[in-house]
Amino acid sequence: MKILNTISGKTTTFLLALVSILGLSQVNAVNIKYGDTLRLTMPKDGVDYQLHSHAINYYHQGTSGQQQVSAWKFQDNNDLFIVMGEHGKADDFKKGEAVKVGDVITLKHKETGNKLHSHDTHQAPKNAGQEITCYSGNDGNDNWIVTVRGKNNGDIWQQDDNVNFKHAASGVF
């Protein structure tokens, strides 16, 4: 995967790897900060797919009916997510501070304002995994724990790290 990271008007790209729900590995040693805007991209079969959402809800039987999240091979503003503090924190919580391994974060969809969300009560419509949505209700299912291979809690998440997001409520990567 790649992340397009907008920091103070500058754009950098770094690589990511999909691990069950979300994950990443990156290039360049730039700190990821609260308030950064990211584009998550997963390369597959020579095509880059963006983590994408838009103001359309799942309609498949057995799904939550919440905002769809998918992989999209084109780029637009519906691919942008903002790194924010965990559920219940102010929108400007730690803004500009480096994100650390072990931090609990949310990823806010820039276009709709809904947060990347998952729960163990609904299956994804296309596979047997946990459904991932964007959700306006703001609850603990919006929380993701930053984990980085080879680093300990408290270390700074940098672009060249191999990082995974673990869903805080369900423990699923």
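Analyst: Of the 173 residues in the chain, 41% are buried. Buried here means under 20% relative accessible area, exposed means over 50%, and partly exposed lies in between, with a 1.4 Å probe and protein chains only. The model is predicted, so local features need a pLDDT of at least 70 and side-chain atom pairs count only at pLDDT 80 or more, while totals for chains, interfaces and linings use all residues. Residues are numbered from 1 along each chain as its sequence is written, and side-chain values use heavy atoms, with hydrogens and water left out.

Confidence comes next. On the pLDDT scale, which is the predictor's confidence in each residue from 0 to 100, the chain averages 79, and 80% of the residues score at least 70. The lowest mean, 29, belongs to strand S2 (residues 10-15), and the highest, 96, to S8. Residues 1-28 have a pLDDT below 50, yet this stretch has 118 contacts in the model beyond near neighbours in sequence. A contact means heavy atoms within 4.5 Å. Where pLDDT is low, the predicted coordinates should not be read in detail.

The secondary structure comes to 0 helices and 12 strands. These terms refer to DSSP runs numbered from the N terminus: helices are H or I with at least four residues, strands are E with at least two. Among contacts between residues at least 6 apart in sequence, 61% join residues at least 24 apart.

Now the nonpolar core. The term covers buried Ala, Val, Leu, Ile, Met, Phe, Trp, Tyr and Cys residues joined through side-chain atoms within 4.5 Å. The largest such core has 22 residues, and those with the most contacts inside it are Val83, Val99, Ile105, Leu116, Val146 and Trp157. Two or more residues each come from strands S4 (37-44), S7 (80-85), S8 (104-109), S10 (130-135), S11 (144-148) and S12 (162-167). S11 gives the most, with 3 residues. In soluble globular proteins, nonpolar side chains tend to be buried together.

Leaving aside neighbours within four places in sequence, Ile105 is in contact with Tyr34, Val83, Met84, Gly85, Glu86, Val99, Asp142, Asn143, Trp144, Val146 and Phe165.

Rings of Phe, Tyr and Trp (its six-membered ring) pair if their centres lie within 6.5 Å; planes under 30 degrees apart count as stacked, over 60 as edge-to-face and the rest as tilted. By this rule there are 3 aromatic pairs. Tyr34 sits in the loop between strand S3 (23-25) and S4, and Phe93 in the loop between S7 and S8, so the pair ties together parts that are 59 residues apart in sequence. Tyr34 is buried at 2% relative accessible area, whereas Phe93 is partly exposed at 26%.

Some of the buried residues are polar. His119, in strand S9 (residues 115-123), is buried at a relative accessible area of 6%. Its side chain makes polar contacts with the side chains of Glu131 (2.7 Å) and His117 (3.2 Å). A polar contact is a pair of N or O atoms within 3.5 Å; within protein, one must be able to donate a hydrogen and the other to accept it, and residues adjacent in sequence count only if both atoms are side-chain atoms. Beyond four places in sequence, the contacts of His119 are Ser64, Gln66, Gln130, Glu131, Thr133, Asn141 and His167.

Arg39, in strand S4, counts as buried at 8% relative accessibility. The Arg39 side chain reaches the backbone oxygen of Asp76 at 3.1 Å, and a 3.5 Å polar contact joins it to the side chain of Asp79.
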